[in-house]
Amino acid sequence: MRPFVPLFLVAGATAQSISFVYTATFTETALEFVTFTTCPCPTSTAGLSTLQATTPVTTTTTTPTTMTTSTTLSGPILPSSDTVTPASSTITSSLASNVPGSSISTLSTTTSSGIPVVTNDAYTSAVLRHHNIHRSNHSADPLVWSSSLADTARVIAKTCVYGHNTNVNGGGYGQNIGAGYPATLLGMGQFITEGLYNGEVNNYVYYGMEPPLNTLGQWGHFTQIVWKSTNSVGCYTADCSSGGLANAGPPIPPYFTVCNYAPPGNVIGSFTANIGVSIGLAAVYGDY
């Protein structure tokens, strides 16, 4: 198992991502949170992916009377931390001119770690390209770039604390996060296509039905990418070389990528309508 794994978070604060209603006859009730950990990382990459699902668990005291408890879950569960981190040596030389179909030039500046930085337009284009090719394969309309979601992602990423945060600027968005991918075109391709899509698409076998939430860690990043009612995305990649990336230390390169989505995907009760079966387009990879 990889040293780091995917983490899913419910949209908003602790109980905002998953809303719940319960009725019970009992003496005392408490809430606990269960964290599911999996590693969908492709064997060809060495990095991390985190996914945390918060699931309410009802704890009741024992009484001599009969107790009846029922729990109904609803709302979005967000694939908030999405990453498979390839070794930095494999993602440092991606220039726009090397990407098929791209005419966007890159800047000559570098990050503090010497990683080439692409222009904002090139970064945006790469993020949209790697989302929309997969969305088209699942009959979902293409996403558009949201400057407001990207600005919120910037605030979160620049904390350089690897983990989900869906409370900034009011919350209400879906979120994927990644550690170790620099802001290069290949870096974004490795993150989105290899880490979030290719690493999970084959794990989702629940088309036409509502999936069991205890398998969320195996496919939740993929479903946010192709969620039909999501229409916009905004991402930011922070270079945390100067102070390090908390919660994702060496050998993970110190880059923190946050992608926010609106409306959020992974809404409980809405998977059937929002996850389309693949129409069979040719597979693409991180260098697409």
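Reader: Start with Cys259: buried or exposed?
Author: Cys259 has 0% relative accessibility, so it counts as buried (under 20% relative accessible area; exposed is over 50%, partly exposed in between, with a 1.4 Å probe and protein chains only).

Reader: What am I looking at, and how are things counted?
Author: It's a predicted model, where local features need pLDDT of at least 70, side-chain atom pairs count only at pLDDT 80 or more, and totals for chains, interfaces and linings use all residues. Residues are numbered from 1 along each chain as its sequence is written, and side-chain values use heavy atoms, leaving out hydrogens and water.

Reader: Which cysteine pairs with Cys259?
Author: Cys235 does, in a disulfide with the sulfur atoms 2.0 Å apart; the cut-off for a disulfide is within 2.5 Å between cysteine sulfurs. Cys235 sits in strand E10 and Cys259 in strand E11, so the link ties together parts 24 residues apart in sequence. Strands here are DSSP runs of E with at least two residues, helices are H or I runs of at least four, and both are numbered from the N terminus.

Reader: And the handedness of that link?
Author: Right-handed, with 110° about the S-S bond of Cys235 and Cys259.

Reader: OK, how many disulfides does the structure hold?
Author: It holds 2. Cys160 and Cys240 form a disulfide too, with sulfurs 2.1 Å apart. Its S-S torsion is about -90°, so the disulfide of Cys160 and Cys240 is left-handed.

Reader: Where do Cys160 and Cys240 sit?
Author: Cys160 is in the loop between helix H2 (147–157) and strand E9 (174–179), and Cys240 in the loop between strands E10 (232–239) and E11 (255–262), 80 residues apart. Both Cys160 and Cys240 are buried.
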